[in-house]
Amino acid sequence: MKRILAILVEDRPGVLTRVSGLFSRRGYNIQNIAVGRTIEPGISRMTVTVEADRLTVEQVVKQLNKLVNVLKVSDLTDESSVGRELMLIKVKAEPEKRSDIQQMVATFRAKIIDVSPDSMIVEVTGDEGKLQAFMLMMQEFGIKEIASTGNVSLLRGGRTTREARG
Amino acid sequence: MKMNGAQMVLSCLEAEGVDVVFGYPGGAVLTLYDEIYKKGLRHILARHEQGAAHAADGYARASGKTGVVIATSGPGATNLVTGIANAYMDSIPLVAITGQVARPGIGTDAFQEADITGITLPITKHNYLITELQELPRIFKEAFHIAGTGRKGPVLIDLPKDLQAEEGEFVYPERVEMPTYRPVYEGHMGQVSKAATAIRKAKKPLIYSGGGVVSSGAHAELLEFSQYARIPVTTTLTGLGSIPCQYEYYLGMPGMHGTYAANHAISNADLIIAVGARFDDRVTGRLDTFAVNAQVIHIDIDPAEIGKNVIVAIPIVGDVKMVLRELLKKLKPGDTAAWCKQVLSWKKDRPLRYQQMPDAPLKPQFVINELYRLTAGDAIITTDVGQHQMWAAQYYHLERPRTFITSGGLGTMGFGFPAAIGAQVAFPGRTVICIAGDGSFQMNSQELATAACYNLPVKVAIINNQYLGMVRQWQEFFYGSRYSQSCLAGSPDFVKLAEAYGVVGLRARTVDEVPEVIKAALQTAGPVVMDFSVDPQENVLPMVAPNTSIVEMIGGDTP
């Protein structure tokens with residue numbers, strides 16, 4: 001099944017390589033990965049979505065914890081958490097289709113961020129299910145290109161990732 | 001204090017108590033070598049960087065200290081790779097210092113440039129490329145700390161050439177501050193109590209111990225544990241020597257070439273106490289047939305080893321010496337008398353065996369047995385990898401830890417001889433014997449020059465069967481005796497090869513010659529190469545075929 005790991009790492013050169021290298025070397029498949037800053041200077045956060053069973057993920061977490069630059073690894077899958085991805089979709093938009101697209105964009109609470117004579121770029125955020133559903137609707141108009149981030153997740157409630165278990 | 005980068009390195013090494021390094025100079029470490037020259041640091045010049053790395057590894061294994069190896073950038077650094085991987089697989093503390101091209105040249109495919117931190121990422125515990133001189137002291141402090149603590153291992157420091165000449169202020173940090181690196185040493189008390197209860201209740205317990213016992217220096221605690229709780233012990237290849245061979249409840253090595261008693265004890269046990277061992281495939285055989293009747297207690301300093309290959313009922317993360325001490329406080333012996341009787345009868349009835357007829361070709365086991373007899377079991381043994389390694393493990397009976405130096409995890413041919421040089425540097429006064437194969441020895445025989453130059457009295461015993469023996473054995477058993485590329489006939493005359501380096505060479509072909517040659521070698525003050533021409537047909541038995549149960553032993557069932 002799909003599991004989501006939040007990893008706090010020291011922001012040093014090569015850390016992303018160390019983390020992603022560990023996944024590939026031990027044969028674990030990363031579905032997506034998002035890297036960004038945190039409120040602590042010098043600490044970055046990675047959110048990794050990996051397709052694996054629980055035992056495999058336990059092993060991944062232990063191996064990640066052995067990396068010297070890794071501060072904290074937390075498996076968010078069984079915790080109550082919220083996750084979002086962001087996707088930009090360049091969709092064909094002849095003038096007569098624009099209002100249909102606008103309607104769909106409103107329904108999904110997406111945003112049009114660029115318009116040209118025959119295309120639009122739509123920004124949509126949400127969990128994977130919502131993004132899939134939106135993409136399906138956009139396919140009717142013809143998708144020219146997409147760009148998407150990986151999933152980013154936080155625990156629900158007041159607890160931070162540092163305070164999460166294991 | 002103001003000094004340049006190279007001087008800083010020397011000061012760091014001094015602060016870490018390093019009194020000898022192994023290495024090979026080159027363009028990107030000239031400034032560093034200039035300081036070595038000026039400061040008079042003891043440096044053992046190998047003849048190949050791989051030899052230097054293995055020598056530093058052997059030094060570390062024999063002494064328990066962290067070994068240090070130095071090489072230049074590019075090919076110098078890549079030649080260290082096998083040595084670093086070897087140390088990584090067996091958790092040996094090693095600091096490798098490599099030169100790198102000057103900082104402006106990095107990433108430009110400069111002359112002798114290699115991305116050695118990238119290359120060694122999966123085979124080091126950690127590595128560093130120093131880009132700012134002021135970081136050098138902290139990085140050295142951290143490197144030695146990481147290499148020598150927790151589950152030990154190699155750390156590489158890549159040092160650009162221009163940084164070695166740059167001047168800066170030197171202050172060596174008093175302690176490391178690494179919030180992301182905090183190994184756990186003390187076992188969880190609740191888990192230790194659970195283990196004590198399980199041990200007391202067990203009817204058929206078995207201790208399965210490994211290299212972690214050597215690394216942690218827990219041999220005395222292990223023996224006390226076994227004696228007090230009356231539990232038989234089997235030790236892995238890297239754990240050999242941590243239990244005296246003469247000990248009554250010692251069963252020898254388990255696994256692919258293990259003893260009948262050890263393998264049957266594993267398969268019949270109701271409790272296995274794994275101590276600093278990692279359930280390697282060479283030990284377990286086919287996993288779903290391994291120790292099917294047993295619960296497992298696993299004591300290890302590396303949390304990632306627990307549950308990796310087998311399901312563990314009672315995990316205890318911690319230093320095995322500290323955990324065993326706590327366990328001993330809580331332990332009450334259970335009733336193991338019937339089980340011990342059973343296991344000891346296996347040990348007595350199904351020993352390892354071979355037959356040496358007086359006029360027949362030399363049996364390799366006989367040669368090793370004679371080495372054992374004539375050194376009274378008191379030598380430091382190093383081995384290469386293959387048949388001779390297994391025979392050494394089976395027939396050189398060890399009494400003390402750190403006396404069996406072998407490449408366990410990586411299985412590196414060519415390890416034994418340079419490792420023996422390292423061990424001899426650590427213990428100049430002791431007898432160090434490298435038991436080698438004719439194939440393995442040729443992978444680093446250039447180090448004869450090193451042994452000769454420093455007059456290191458290493459004794460090399462080549463078990464010469466004119467084959468890559470273990471490959472030949474697998475081909476005989478599993479590939480219809482098609483000996484594809486495993487015959488090494490045409491190898492040099494090892495006696496003459498030794499003599500070319502100014503080293504004494506001796507040869508034995510008959511039973512009578514074996515003790516004469518060994519005695520002569522032991523009486524020689526300098527290094528000696530002994531070439532034993534042995535029966536090329538001999539196989540290592542018993543043998544468990546790969547991916548089968550460890551009780552299905554070829555050559556193990558007839559008493």
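**Exercise 1.** Is A:Glu79 buried or exposed, judging by its relative accessible area?

*Solution.* The model is predicted. Step one: the relative accessible area of A:Glu79 is 14%. Step two: a residue counts as buried under 20%. Therefore A:Glu79 is buried.

**Exercise 2.** Find the salt-bridge partner of A:Glu79 and state which parts of chain A the pair ties together.

*Solution.* Step one: A:Glu79 forms a salt bridge with A:Arg159, and their closest N and O atoms are 2.8 Å apart. Step two: A:Glu79 sits in the loop between β4 (70–75) and β5 (81–92) of chain A, while A:Arg159 belongs to the segment after β9 (152–155), so the pair ties together parts that are 80 residues apart in sequence. Step three: A:Arg159, at 39% relative accessibility, is partly exposed.

**Exercise 3.** Describe the salt bridge between B:Glu221 and B:Lys321.

*Solution.* Step one: the closest N and O atoms of B:Glu221 and B:Lys321 are 3.7 Å apart. Step two: B:Glu221 lies in helix α11 (residues 219–229) of chain B and B:Lys321 in helix α14 (residues 320–330), so parts 100 residues apart in sequence are tied together. Step three: B:Glu221 has a relative accessible area of 7% and is buried, whereas B:Lys321, at 22%, is partly exposed.

**Exercise 4.** Which residues touch the most other members of the largest nonpolar core?

*Solution.* Step one: this core has 68 residues. Step two: B:Phe225, B:Ile273, B:Ile297 and B:Phe532 touch the most other members. Step three: at least three residues of the core come from each of domain 2 (189–349) and domain 3 (364–541) of chain B.

Key. Residues numbered from 1 in each chain as written. Chains lettered and ligands numbered in written order. Predicted model: local features only at pLDDT ≥ 70, side-chain atom pairs only at ≥ 80, totals over all residues. Heavy atoms only, no water. Core = buried A, V, L, I, M, F, W, Y, C linked by side-chain atoms within 4.5 Å. Buried < 20%, exposed > 50% of the residue type's maximum accessible area, 1.4 Å probe, protein only. Domains from an automatic or database assignment. Salt bridge = Lys/Arg side-chain N within 4 Å of Asp/Glu carboxyl O. Helix = DSSP H or I, 4+ residues; strand = E, 2+ residues; numbered from the N terminus.
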